[in-house]
Amino acid sequence: MIYLIWWSPRSGKTTLSKKLSQELSIPYISTDYLRLVVIPYFQWDDKKENFPFEEMFEKYNNVEIFYKNSKGKDILNADIKEAHTLWKGIMGFIQHLLLSKTDYIIEWVHFLPELVNTFKNNTEVKIVILIKEDEQKIFDGLIENRWSGDWIADNIKDDTVLRS
């Protein structure tokens, strides 16, 4: 069984993936790690086009300043572009796991509906969508996870930026 765990940042994807991995004794991976493996193989101009966050982060050179100065629409568009750039490789990885009958958990913020629909009728793939609507719980989770390897919480000191 392949579990595709998806939703927004801070929705609990990694927490659920780790717990499920332990409970089922199967491996999991965040595609954030796969993204880091793929990016170095792009030349700068292609990288800017296919991984817009790279240029956006380069411009501000600081996560907190990036979030203060970036529009939500621009962040969303960058996420969508990166999702489409990485999808062919992620889909190939999933297909390989299915062919080799390897159980796996994959979590990703970029599992867009039009992409994962490829697998919606596959009985060997479970698509899990996490939703967290309580803004206070999201904020509390960011504060609670500071200095634990959370790239957002670890790099933003101004709590008003975390709330935005």
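Modeller: With a definition. Contact means heavy atoms within 4.5 Å. Buried means under 20% relative accessible area. Keep in mind that this is a predicted model.

Biologist: What is the overall layout of helices and strands along the sequence?

Modeller: The chain has 9 helices and 4 strands. Their order is β-α-β-α-α-α-α-α-β-α-β-α-α. Of the 164 residues, 36% are buried.

Biologist: Take helix α1. Which of its residues are buried?

Modeller: Lys13, Ser17 and Ser21. Seen down the axis of α1, these buried residues fall within an arc of 60°, so they line one face of the helix.

Biologist: What covers the buried residues of α1?

Modeller: The cover includes β1 (2-6), β2 (28-30) and β3 (104-108). On the face turned away from the buried side, α1 carries the exposed residues Lys19, Gln22 and Glu23.

Biologist: How far does α1 reach from its first C-alpha to its last?

Modeller: Helix α1 has 12 residues, 13-24, and reaches 16 Å. That is close to the 16 Å expected at 1.5 Å a residue. Just after α1, Ser25 takes a positive phi of about 55°.

Biologist: Now a single residue. Is Thr31 buried or exposed?

Modeller: Buried, because its relative accessible area is 1%. Thr31 is found in helix α2, residues 31-38.

Biologist: Which residues is Thr31 in contact with, leaving aside neighbours within four places in sequence?

Modeller: Ile90, Ile106, Glu107 and Trp108. With Trp108, the link is a polar contact between side chains, at 2.8 Å.

Definitions and conventions:
Residues are numbered from 1 along each chain as its sequence is written. This is a predicted model: local features need pLDDT of at least 70, side-chain atom pairs count only at pLDDT 80 or more; totals for chains, interfaces and linings use all residues. Side-chain values use heavy atoms; hydrogens and water are left out. Helices (H or I, at least four residues) and strands (E, at least two) are DSSP runs, numbered from the N terminus. Buried means under 20% relative accessible area, exposed over 50%, partly exposed in between (1.4 Å probe, protein chains only). A polar contact is a pair of N or O atoms within 3.5 Å; within protein, one must be able to donate a hydrogen and the other to accept it, and residues adjacent in sequence count only if both atoms are side-chain atoms. The expected span of a helix is 1.5 Å times one less than its number of residues. The arc is that of the directions from the helix axis to the C-beta atoms.
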